[in-house]
Amino acid sequence: MNDDRETLARLLGGLVPPEPPGELHGEVMRAASAALAREAPRDLWTRIWESRSLRVAWATGVLLLLLANALVPRATSPSGMRGTAPAAGDELDSIAHLPRIDLDTLPAIGGAAPSAVEPRPVQLPLKTKESPS
Amino acid sequence: MDVVVEEISGAPAERSRAAGESAEAWRAMFGRVAAGEQAGLEALYRAMARRIFGLALWRTGSVEDARDVVQEVFVRVAESRDRLARVTSPLPWLLAMAHHVAVDVARRRRRPSTPLEAVPHLVAPEREGDPVDAARASRLLAALPAAQRDAIYLRHYEECTFAQIGAITGVPTFTAASRYRLGIARLRRLMEVEP
């Protein structure tokens, strides 16, 4: 730490940051005074709270959402696919229940499908020497 | 090094102008600005303009940008006068605002900036310092990353603790201390190369 101070003392000793330009004072005071004279900007919640019409609109909106949440029937579809059109539901059902092509084969997951049945040994027809007769 | 460790571990700082510098006076000044007094703004300008200008100059490397920063900070202070009464540490609060504005201004800079070596980071007071030393110091400081310059400025000229530097620049205390030490080490190497 002493080394740090020594380094800074050697480099920065007797030196100071520069003064701001003289004309800056007037510019800053004009801008800041104008900002001081303006009404302080209010945030959204303050504006809502202070305006009667916005307060009523906000309360009405919240009330409508609550009513809609309470009154809209929920148990219209037993399948859990509420909001899906019936036609689309039928189509999805048909895709989800594709008929199996080969009932003896298990579905393949990440590799070659194992066969559900033991492979049958291939029976090659035995060639029998026909005796020339 | 021990002082750094003590500060990072939460021990009282050996010195801190930013925290202790007549907090009552600062709060009184803020109170006058909050009340809409023009004289309060004047007093705040006299107290802070040079410090904000210096910090902004070291950060942005441009006199024009530093002017913009000073103006923007005072406009923001005036606009947020309703909140001034709740500011517990006025000076670090102002320096943090100045730092953030300086970072924003430097980021959206349009004008071509002058070479950093030519920026007068420091000047020699009349009959006290040597202008040649000031030019050399400015040149060496220009070789540092802006974050390290910030840390050195806040530590050396504002006498902030590392915790305050971290709060002002938005980094952990350890990072602030690390930036300061790396900056000093680099300055030392540069001084050896350019004695």
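**View 1. Polar contacts across the interface of chain A and chain B in the predicted model.** Across this interface, 11 residue pairs are in polar contact, with both partners at pLDDT 80 or more. On the side of chain A that touches chain B, helix H1 (2–12) and helix H2 (24–37) each supply at least two residues, and H2(A) gives the most, with 10 residues. The contact takes 32 residues from chain A and 50 residues from chain B. The size of an interface is often given as the accessible area lost when the parts come together. Here chain A and chain B bury about 3800 Å² between them, and 66% of that area is on carbon and sulfur atoms.

**View 2. Salt bridges between chain A and chain B.** The count between the two chains is 4 salt bridges, while the count over all chains comes to 8. One pair joins A:Glu19 to B:Arg50, whose closest N and O atoms are 2.6 Å apart. Another pair joins A:Arg38 to B:Glu79, and here the closest N and O atoms are 3.1 Å apart. This second pair crosses between chains, running from A:Arg38 in the loop between H2 and H3 of chain A to B:Glu79 in helix H5 (residues 63–79) of chain B. A:Arg38 has a relative accessible area of 42% and is therefore partly exposed, and B:Glu79, with a relative accessible area of 29%, is partly exposed.

**View 3. A network of salt bridges that links A:Glu23, A:Glu27 and B:Arg67.** In this view, two glutamates of chain A, A:Glu23 and A:Glu27, are linked with B:Arg67 of chain B in a network of salt bridges.

**View 4. Two salt bridges within chain B, B:Glu72 with B:Arg76 and B:Arg32 with B:Glu37.** The closest N and O atoms of B:Glu72 and B:Arg76 are 3.0 Å apart, and both residues lie in helix H5 of chain B, 4 residues apart, which is about one turn of the helix. B:Glu72 counts as partly exposed because its relative accessibility is 27%, and B:Arg76 is partly exposed with a relative accessible area of 31%. In the other pair, the side chains of B:Arg32 and B:Glu37 meet at 3.2 Å, N to O. B:Arg32 counts as partly exposed at 33% relative accessibility, and B:Glu37 is partly exposed with a relative accessible area of 34%.

**View 5. A nonpolar surface patch on chain A.** The patch, of about 570 Å², is made by A:Leu44, A:Trp45, A:Trp58, A:Val62 and A:Leu66. Helix H3 (44–50) and helix H4 (52–71) of chain A each supply at least two of the patch residues, and H4(A) gives the most, with 3 residues. A:Trp45 has its place in helix H3 of chain A, and because its relative accessible area is 57%, A:Trp45 is exposed.

View 6. B:Glu159 lies in the loop between helix H8 (146–156) and helix H9 (162–169) of chain B. With a relative accessibility of 27%, B:Glu159 counts as partly exposed.

Methods: Residues are numbered from 1 along each chain as its sequence is written. Chains are lettered from A and ligands numbered from 1 in the order in which they are written. This is a predicted model: local features need pLDDT of at least 70, side-chain atom pairs count only at pLDDT 80 or more; totals for chains, interfaces and linings use all residues. Side-chain values use heavy atoms; hydrogens and water are left out. Patches are made of residues with over 30% relative accessible area and no salt bridge: like charges are joined within 9 Å, nonpolar side chains (Val, Leu, Ile, Met, Phe, Trp, Tyr) within 5 Å. Accessible areas come from the Shrake-Rupley method with a 1.4 Å probe; for residues, only the protein chains shown count as cover. Buried means under 20% relative accessible area, exposed over 50%, partly exposed in between (1.4 Å probe, protein chains only). Contact means heavy atoms within 4.5 Å. Buried area is the accessible area (1.4 Å probe) that two parts lose on being put together, summed over both. A polar contact is a pair of N or O atoms within 3.5 Å; within protein, one must be able to donate a hydrogen and the other to accept it, and residues adjacent in sequence count only if both atoms are side-chain atoms.
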